[in-house]
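Here is a short report on one protein model.

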Amino acid sequence: MKTKVGIIGGGPSGLMLSQLLDLKGIDNIVLEKHSREYVLGRIRAGVLEHGFAELMREANCGERMDAEGEIHEGFYIAEGGEKRRVDLAGHTGGNSVVVYGQTELTRDLYDARAKMNGNVIHNVEDVQLHDLKSDAPYITYRSGDDIIRIDCDYVIGADGFHGVSRKSIPKDVLREYEKVYPFGWLGVLSRTKPVSPELIYAKSERGFALCSLRSQVLSRYYIQVPLTDSVEDWSDEAFWDELKARLPQDVADQLETGPSIEKSIAPLRSFVAEPMRYGNLFLAGDAAHIVPPTGARGLNSAASDIYYLYHAMVDHYQNGDDTGLEKYSEKALARVWKAQRFSWWMTTLLHTFPDSIPYDQKLQQTDMEYLFSSEAALTSLAENYVGLPF
Ligand code: APR
Ligand code: PHB
């Protein structure tokens, strides 16, 4: 097989790029390790920044998001029995975020690919990347007993943190930066009415908690837990009790509880791989960087990678201009690091660190007091949360 752009990974990054390129007549193939059902079974975050929502519309995939997603113009930070609102719109000249599940968004992208007869190949095994430094790179994968070869101009590594693409870059070229946090998030999805129409990020001495939602009848809650905990340690009842203990009393009193539909623990990690280009391989999304979920930046840092790659490919194929491809890594990383800084900051502000010394706790307290005493600090939080420009 032959194509222009070979995309590894059928998560949001790979599918979005495939859809955008196809709309510009740029031939591409997506290779996904798992089935569509498996990919759509993963419960992921649910906040889209304005720029990502725009990209969905540009990809002709925004219809259901616009009909079913909720525009949020603010959120709350709770501490010490009180909750204070962060007015996103007021601090960003009217900007907002869209609450729409990443699972739904991925479904929309798959449907759009199917409608255009996009070439998305599932259940590919043993994907390998070859001759990345040459003008004729190619990808191989196994399908049953057959080894299939795809020749292409460019390879996109959009295969997530555990994918094969980043690992195909020689160790002496790749530099990895990583920070692992000493806790995880235990998340519960429940068919209950959300406790608040806007998200509540809660800091408490017992640890962080988050009240989020997917719709008016579907809630998503999280609590910070030690890395040594497992899901089996947490009955639904224990989860609800602990969540309530971390929320202001009036919020806890209104919390509707019910059986969990999904319950999982995710460790928190910050990670960046540099450079994001090696020869004719370009990394995008979780394949190149991970953020802790506190600032809702995961999908959104993937969005800017896709935006830059999409425009670079269009410039290459339609205008013979390679500046975008040459500048990709540098440009993408500049925004990636800003999302890293913000996610690290919000994580540090709101969580309980088991190894913190009294000095750290004083700084954390001061950070919070400063935030709500300064319009400049609130503006900084708001502009990062709604998403810095691409
Ligand atoms: N070959 C083919 N596909 C692979 C391989 C491989 N060797 N390894 C992984 N994949 C697939 C995974 O099965 C997955 O479907 O690549 C896809 C990567 O998708 P994601 O992990 O969702 O990463 P990405 O598309 O970059 O999405 C950005 O935003 O909210 C955050 O972390 C969250 O996934 C989210 C991310
Ligand atoms: C979620 O709804 O899953 C969610 C929302 C906001 C975050 C993280 C996760 O910061």
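Arg 297, Arg 335, Lys 338, Ala 339, Asn 384, Gly 387 and Leu 388 line the second largest cavity. The model is predicted. This second largest cavity holds about 50 Å³ of space. Its lining counts three charged, two polar and two nonpolar residues.

Now to the largest cavity. Its volume is about 60 Å³. The residues around the largest cavity are Gly 11, Pro 12, Val 39, Arg 42, Arg 44, Gln 102, Thr 103 and Thr 106. Four of these lining residues are polar, two are nonpolar and two are charged. Helix α6, residues 102-115, supplies the largest share of the lining, three residues.

| Cavity | Volume | Main helix in the lining |
|---|---|---|
| Largest | about 60 Å³ | α6 (residues 102-115), three residues |

The surface has a feature of its own. Ile 357, Tyr 359 and Leu 363 make a nonpolar patch of about 330 Å² there. Tyr 359 belongs to helix α11, which covers residues 358-371. Is Tyr 359 buried or exposed? Its relative accessible area is 56%, so Tyr 359 is exposed, because exposed means over 50%.

Methods: Residues are numbered from 1 along each chain as its sequence is written. Chains are lettered from A and ligands numbered from 1 in the order in which they are written. This is a predicted model: local features need pLDDT of at least 70, side-chain atom pairs count only at pLDDT 80 or more; totals for chains, interfaces and linings use all residues. Side-chain values use heavy atoms; hydrogens and water are left out. Patches are made of residues with over 30% relative accessible area and no salt bridge: like charges are joined within 9 Å, nonpolar side chains (Val, Leu, Ile, Met, Phe, Trp, Tyr) within 5 Å. Accessible areas come from the Shrake-Rupley method with a 1.4 Å probe; for residues, only the protein chains shown count as cover. A salt bridge is a side-chain nitrogen of Lys or Arg within 4 Å of a carboxyl oxygen of Asp or Glu. Helices (H or I, at least four residues) and strands (E, at least two) are DSSP runs, numbered from the N terminus. Buried means under 20% relative accessible area, exposed over 50%, partly exposed in between (1.4 Å probe, protein chains only). On a 1 Å grid over the protein atoms alone, a cavity is a set of points where a 1.4 Å probe fits but cannot get out, and a pocket is an open set with protein on both sides within 12 Å along at least five of seven lines; lining residues have an atom within 4 Å of a point. Grid points are joined across faces, edges and corners, and a volume is the space filled by probe spheres set on the points. Ala, Val, Leu, Ile, Met, Phe, Trp, Tyr, Cys and Pro count as nonpolar, Asp, Glu, Lys and Arg as charged, and the others, Gly among them, as polar.
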